[in-house]
There are 2 protein chains.
Amino acid sequence: MKSSFRLLIFCFALFLTGINAYSQTYSGKQKHIDQILENIGLFSRYYMEGDVQSLVNAYTDDGKIFPGNLPIIEGMSGLEEYWTIPEGVKIVHHKIKPEEIKVIKKYAYDYGYYEGATLSADGKKSTWQGKYVIVWKKVGKDWKIYLDIWNRVKNPNDE
Amino acid sequence: MKSSFRLLIFCFALFLTGINAYSQTYSGKQKHIDQILENIGLFSRYYMEGDVQSLVNAYTDDGKIFPGNLPIIEGMSGLEEYWTIPEGVKIVHHKIKPEEIKVIKKYAYDYGYYEGATLSADGKKSTWQGKYVIVWKKVGKDWKIYLDIWNRVKNPNDE
């Protein structure tokens, strides 16, 4: 009896750990959350396909990106230049993993982790991961990225 | 006549440059904007004074920071550890320069640039600057930081 109780506690702890590892908090009307989640998936797809026009179109007209080491970049041509993948390079993996999305009127904040893999022109594969905060803005019935900032999380295998 | 017209054009261009260099867009009730601006100033003061308790208290209980290379840090003890300045080191300058603050119900987003200077234990001074996005949350009558992410802008003198 005692050992089966212990087993139950163990399973419950395992269950809680599982919940914690994948905890995602989405707050807002389901249709808005669904649209934002769809756009998050599309962003990764466009990036892997090198579809710069669609990537730039994921942002509002006054959308801003905050890449490491550079000043804030704003405007179509700036975004286009930044997101253009160099000749011969391929983004073979990209995934955005939101931890929380909260819709507040016509805005939403969204934060979480991302991961990706690059195949360089000389055939070398590198993986990278980071964290991000996005401020979304509702444009018509769609949701677009207004602020997009991120930075890396060190790869534990890097050292 | 011609040269005074040229002077007028020159002054007008100078005027526009001045506006552009200090353009700040604040949207929301003045009392909320004022409180957030005051808290932004206090944050820099606490950091320069090494007042970790007040720094941590600038965040909501579930406030999160996104420092470079590290995972997202959440919770009092994590924030306290991160913001504690090492023995002998001094933050001799810190300034946050918001470009836009927008209050949306009980939340606000805020983005801009920051700059600072560190005096290391061996007396060397280093300057640094970056950009940030903050999501503020209204807690009672005060505003606290819920999400705080930043990354550097390269110093033009670094190369």
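## Strand pairing in chain B

Two strands count as paired if DSSP finds at least two bridges between them. In this predicted model, strand β4 (residues 90-104) of chain B and strand β5 (residues 107-119) of chain B are joined by 13 bridges and run antiparallel. Within that pairing, Ile104(B) sits opposite Tyr107(B) in β5(B).

Zooming out, the sheet in chain B is open, has seven strands and mixes its pairing, with the order β1-β4-β5-β6-β7-β2-β3. The edges belong to β1 (25-27) and β3 (73-74) of chain B; each has a single partner strand, so one side of each is left without a neighbour in the sheet. As background, strands of a sheet pair through backbone hydrogen bonds, and they can do so parallel or antiparallel.

Chain A has four helices and seven strands, and reading along the sequence gives the pattern α-β-α-α-β-β-α-β-β-β-β. Of its 159 residues, 40% count as buried. Take the contacts in chain A with a separation of 6 or more: 53% of them come from residues 24 or more positions apart.

On confidence, chain A averages a pLDDT of 90, and 84% of the residues score at least 70. Residues 16-20 of chain A are another story: the pLDDT there is below 50, and beyond near neighbours in sequence the stretch has zero contacts in the model. For the complex, the predictor gives an ipTM of 0.86 and a pTM of 0.87.

## Helix α4 of chain A

Which residues of helix α4 (residues 76-83) of chain A are buried? They are Gly78(A), Leu79(A) and Trp83(A). These residues cover an arc of only 120 degrees around the axis, so they lie on the same side of α4(A).

## Aromatic rings

Over all chains, there are 20 aromatic pairs. One of them brings together Tyr82(A) and Trp83(A): the ring centres are 5.1 Å apart and the planes stand at 85 degrees, so this pair is edge-to-face, the cut-off being over 60 degrees. Trp83(A), at 8% relative accessibility, counts as buried, whereas Tyr82(A), at 30%, counts as partly exposed.

Both rings belong to a cluster, linked by ring pairs, of Phe43(A), Tyr47(A), Tyr59(A), Tyr82(A), Trp83(A) and Trp150(A).

Lys137(A) is in strand β6 (residues 125-139) of chain A. Is this lysine, Lys137(A), buried or exposed? It counts as buried, because its relative accessibility is 17% and the cut-off is under 20%. Its charged end sits over the ring of Tyr146(A), 4.1 Å from the ring centre.

Tyr146(A) also turns up among the contacts of Lys137(A) when neighbours within four places in sequence are left aside. Over in chain B, the charged end of Lys137(B) sits over the ring of Tyr146(B), 4.1 Å from its centre.

Conventions. Residues numbered from 1 in each chain as written. Chains lettered and ligands numbered in written order. Predicted model: local features only at pLDDT ≥ 70, side-chain atom pairs only at ≥ 80, totals over all residues. Heavy atoms only, no water. Phe/Tyr/Trp six-rings, centres within 6.5 Å; stacked < 30°, edge-to-face > 60°. Buried < 20%, exposed > 50% of the residue type's maximum accessible area, 1.4 Å probe, protein only. Lys NZ or Arg CZ within 6 Å of the ring centre and 35° of its normal. Helix = DSSP H or I, 4+ residues; strand = E, 2+ residues; numbered from the N terminus. Arc of directions from axis to C-beta. Contact = heavy atoms within 4.5 Å. pLDDT = per-residue confidence, 0-100.
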